[in-house]
Amino acid sequence: MMKPKTAYTKSGNVNIAYQVFGSGPIDLVYIPGWVSNIDWMWACPELVHFLQELGKIARVILFDKRGTGLSDRIVNFPTLEERMDDIRAVMDAVGSEKAVLFGHSEGGSVSALFAATYPNRTISLLTFGIFAKRKYSPDYPWAPTNQERQVVYDMIEKNWGSGEMNLESLAPSKADDKRFMDWLANYFRSGASPSAAMMLTKMNTEVDIIDILGSIKVPTLIMQRTHDIDVKIAEGRFIAERIQDSKFVELEGSDHLFWTGNTKVILEEMKAFILKVRPEPVYEKKLFTVMIGKINPSKTHSTEYQKLIQKYIKQYTGNIIEYDAQTFTATFQGPSTATFCSIDLTNAIRNSNGEVFIGIDIKECFVRNCICEETEDFAVTVFKQPKPNQIILTQTVKNLLVGSGVNLVPHKTIFKTESGQPLSLYAISEKLKHDNCKKVNEKRLPQQDSFLEKVLQNIDNHLSNDYFGVTMLCKEIGISERQLQRKLKAITDKSPNQLISSVRLHRAKELILSQQKTIAEIAFQTGFSSPSYFSKCFKKEFALSPSELMN
């Protein structure tokens with residue numbers, strides 16, 4: 001079989017690479033582990049054989065996650081929500097309304113969340129060697145300790161893609177197969193740069209999907225090898241116990257890779273499960289992120305605030321479920337979208353001299369009616385003794401905000417669910433609320449990149465020069481405009497002009513917060529010849545004006 005054609009689709013501003021092959025009547029999306037490269041997959045005979053076998057019963061859809069393989073490089077942690085959007089974007093691009101999800105290792109986290117959030121687009125969920133959490137705790141003792149994770153960080157830092165990565169532990173049955181081990185090292189190297197590998201590893205360390213496992217209602221098959229040293233067999237059992245009616249299959253062996261070892265048994269299990277499943281035509285329940293809010297009655301200008309609430313919830317693709325003069329309830333497809341909406345909404349209402357109290361939870365609800373007794377109880381907890389303009393999140397939401405950049409602090413209150421389970425609450429820190437610059441798509445720049453450091457230093461050296469632009473930047477660092485464009489796009493996902501503007505604006509933000517100069521003075525100091533144009537650019541970058549930030 002020839003390697004399938006590689007195509008691209010947009011997920012937001014990010015290009016996602018994908019391939020489609022196979023002749024089966026069912027769609028299957030493979031969500032790879034840690035890093036991948038869909039072109040390099042076809043250089044491994046063992047993996048090719050496995051994929052070909054799946055292609056006999058399904059139309060198989062492969063893709064590289066954002067930041068890996070052939071997809072766009074990114075410079076910040078991808079949130080689980082963004083990665084769900086990538087799956088949806090690829091499915092939409094190939095006209096797949098519903099698909100089997102096959103998640104391997106780290107890819108299992110987003111697969112599980114997708115199945116709970118979009119059950120009507122999921123035929124079934126199949127996983128191999130997945131985990132629910134990647135940081136040790138007494139209630140999940142199989143996850144690595146901080147010291148064990150540090151060993152992995154050090155390995156990436158010093159030995160990425162070399163023979164010193166202990167790759168044999170991922171496939172002990174292939175430890176003496178030099179051809180396979182060389183391919184595996186190349187696969188990882190082509191799947192991610194050292195910086196990207198480190199970023200994804202640190203993101204994985206924070207993953208925790210335990211609280212949403214009970215919301216997965218699609219048919220689920222969980223496969224795990226008994227002696228897998230990367231993910232313990234007990235983790236598979238733990239996950240299976242929490243997913244209603246799931247099937248757990250324990251396999252002999254110690255390979256973490258599904259395409260090595262006893263692959264025939266794995267393929268038989270997968271094929272039998274895929275062909276047997278008859279999914280629900282429509283699921284009445286799914287996972288929602290629920291935002292509840294209350295306006296301080298003594299400061300209510302109901303018409304003005306109603307417009308603000310409608311504006312921001314619509315902007316973040318939420319749905320208002322309930323609204324009256326003082327309270328409102330809205331739902332969102334994911335926690336980071338709801339969280340950033342709440343930050344923007346809180347700032348807007350505060351700037352209109354109002355006060356709002358907001359709570360965010362994630363829970364399984366009926367699609368037609370998301371208001372339930374537990375939501376009402378949560379509202380009572382949040383509104384009981386509120387601080388003005390405070391945003392409270394449940395522990396479940398916090399666990400799914402990995403990569404969002406949101407700063408959280410523990411809240412003194414504990415919320416008890418209908419089942420009596422205690423949930424810790426967290427508040428978004430004051431620092432973030434007043435510094436509304438952490439947007440969903442903000443790109444944080446990796447300081448370890450020497451080329452990028454050189455570019456940033458050069459921009460900083462010419463910060464007050466409003467004539468400084470791409471031509472001068474290219475001349476000073478000694479590369480062509482085309483090379484600069486290509487390199488910065490790969491590292492930061494920004495054009496040179498966008499990066500120069502972003503650096504100027506972030507420096508201006510720091511100067512505004514220091515409150516030592518006027519806005520006009522700061523505009524000139526950061527290379528803007530017109531204060532009005534500066535204000536316009538600033539508001540576009542940070543979603544609030546310089547004067548609003550200063551106030």
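**Pocket and sheet in a predicted model**

Me: What makes the second largest pocket, with its volume of about 820 Å³, a pocket?

Reply: The second largest pocket has a volume of about 820 Å³, and the term pocket stands for an open set of points on a 1 Å grid over the protein atoms alone, with protein on both sides within 12 Å along at least five of seven lines, whereas in a cavity a 1.4 Å probe fits but cannot get out. The volume is the space filled by probe spheres set on the points, which are joined across faces, edges and corners. This is a predicted model, in which local features need pLDDT of at least 70 and side-chain atom pairs count only at pLDDT 80 or more, while totals for chains, interfaces and linings use all residues. Residues are numbered from 1 along each chain as its sequence is written, and side-chain values use heavy atoms, with hydrogens and water left out.

Me: Which residues line the second largest pocket closest to its centre, and how do they come to count as lining?

Reply: A lining residue has an atom within 4 Å of a point; 36 residues line this pocket, and Arg-134, Arg-149, Val-152, Leu-170 and Asp-230 are the closest to its centre. Helices H4 (146-159), H5 (178-191) and H6 (194-206) are the elements that give two or more residues to the lining, helices being DSSP runs of H or I with at least four residues and strands runs of E with at least two, numbered from the N terminus. H4 gives the most, with five residues.

Me: Why are E1 and E8 called edge strands?

Reply: Eight strands form an open sheet of mixed pairing, in the order E1-E2-E4-E3-E5-E6-E7-E8; E1 (7-11) and E8 (247-251) are its edge strands because each pairs on one side only.

Me: What makes E4 mostly covered?

Reply: Buried means under 20% relative accessible area, exposed over 50% and partly exposed in between, with a 1.4 Å probe and protein chains only; five of the six residues of E4 are buried, so E4 is mostly covered.

Notes: Pairing = 2+ DSSP bridges.
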